[in-house]
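Trainee: I'd like to learn how to read a fold, one feature at a time. Can you walk me through one?

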Amino acid sequence: MPPKQTDRKRPKQKPTSKPQKPPRQPSKQPRKPNTSNHDGSESPIDFNTPIPLQLQQLTLDIFKSALLPSNPASSASTSKETPEERELDTKTLIQTIKSHLYQRDFDSAFTDAGEDLLRAYALRWSAARALGYAGLFRGVLQWMRKECLARRKSVYSTKAVCIGGGAGAEIVALAGAWRALDFGLGVEDGLGQLSLEDEEEENKDETGNESQIEGRVKSVLSVAAVDIADWSGVVRRLEKTVASDAVPTLRSSEYQPPLVPVDGDGSGNGAFSVSFQRADILGMSEDQLKDVFLEANSSENALLVTLMFTLNELFSTSMAKTTGFLLRLSEILPSNAVLLVVDSPGSYSTLKMGKDKDGNPVERNYPMKFLLDHTLLSVAEGKWERIYTQDSRWWRRDAERLRYEVGEGAGLEDMRFQLHLYRRL
């Protein structure tokens, strides 16, 4: 093989009197975040502002405290009256999950899995996704709030229905995004020095009334997770831990204020609440779907529906049933309801169309984005408008400052995804 160019001796250059240009220095100006829509127009939503770093760390601590044993918040969040929980063998459990996912055995990984396996999955995958989702939810909730106030609504209450959200990433991410918006915490604010009582005082004007300044409008957020697997134990633990004041800091000798407030009776049915329903969303009747999406909903409520890394799996399960579900959703949801879809970039599903000359089924691959747009914007023409779409986007963790130690094989990862946002007309 010829030697590499770097191995060859360079000939000596003759001196010259011509001045050499100094090497070009890279610009010190930070690159402006991309906020453009698919057609080049400016997006009405800011997806580039993450929740404050302190809230990100608290988010990770919540997963650790809720799902690992021997933590005060974890023991407080379980209904089992046992003084100690057995340790999770996170390494073995995560290897088992990876094996099931590699074989696309989703029944073993989720539907038929025991709570230990589901807890290990949430520790490994949901915690990192919650950080990535939180910035997206913050942008969407802030935009929905502006739209709601522009319509002069007297009460701001939001219901989020998370299809496939049993693993907890959406639940904790929505709590973090809602906390960041409702209390207006800046990136450099010290979360550890703030109590909820202090923040409530900050949200009042000089007359003692609630301030209506944008970004500090008090609101109510309820989250309903629907999933085919039994994530009830994981959801119960996370629900109680986001409202717990027993989540330890990294030093484990101090505790952090709760991520969200609860009622005085500790019921958790106050400003932030969570519910979980185990169900196959594709097998629900129209009346059952109405109960999921419209229960306790009124004209004063804003409605957010999320499909986070779920829609392509639904299409892969049944193209016909998933298309039918989206069309029924188009009929059921009220005007101004918002649909947020996040999935792996380049996701596609296979559809069998007719047969070849030998009588074999003909398969064709369709991008998930095409199927989604075709269903909502063509088949259900006039019922939806597309607010934002992006084929590929990155969320990158702050690897230097965030700490998450929950066992071997459960570290944080960056996330690449596609993003689509629609509004019901």
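Mentor: Strands (E, at least two residues) and helices (H or I, at least four) are DSSP runs numbered from the N terminus, and two strands pair if DSSP finds at least two bridges between them. Here an open sheet of 7 strands runs in the order E5-E2-E1-E6-E7-E11-E10, with mixed pairing. This is a predicted model, where local features need pLDDT of at least 70 and side-chain atom pairs count only at pLDDT 80 or more, while totals for chains, interfaces and linings use all residues. Residues are numbered from 1 along each chain as its sequence is written, and side-chain values use heavy atoms, with hydrogens and water left out.

Trainee: Which strands are the edge strands?

Mentor: Strand E5 (272-278) and strand E10 (384-395), as each pairs on one side only. From one strand to the next, the twist averages 15°. Further in, E1 (residues 157-163) and E6 (residues 301-308) run parallel and are joined by 7 bridges. Look for Ile163, which stands opposite Leu307 in E6.

Trainee: How do I describe two packed helices?

Mentor: You give the angle between their axes and the distance between the axes. Axes are lines fitted to C-alpha atoms, for helices over the stretch in contact, and angles run from 0 to 180 degrees between N-to-C directions. Take H3 (residues 90-102) and H5: they pack at about 90°, with their axes 9 Å apart. That makes H3 roughly perpendicular to H5 (65 to 115 degrees; under 35 is roughly parallel, over 145 roughly antiparallel, the rest oblique).

Trainee: Which residues of H3 and H5 meet?

Mentor: Contact means heavy atoms within 4.5 Å. Among them are Leu93, Ile94 and Ile97 in H3, and Leu117, Ala120 and Tyr121 in H5. The residues of this contact divide into 8 nonpolar, 3 polar and 3 charged. Ala, Val, Leu, Ile, Met, Phe, Trp, Tyr, Cys and Pro count as nonpolar, Asp, Glu, Lys and Arg as charged, and the others, Gly among them, as polar.

Trainee: What about pockets: which residues lie nearest the centre of the largest pocket?

Mentor: On a 1 Å grid over the protein atoms alone, a pocket is an open set of points with protein on both sides within 12 Å along at least five of seven lines, and lining residues have an atom within 4 Å of a point. Here 46 residues line the largest pocket, with Phe106, Phe110, Tyr121, Phe309 and Glu313 nearest its centre. H5 gives the most to this lining, 7 residues. By class, the lining has 22 nonpolar, 11 polar and 13 charged residues.

Methods:
1 Å grid on protein atoms, 1.4 Å probe; cavity = no way out; pocket = protein on both sides within 12 Å on 5 of 7 lines; lining within 4 Å.
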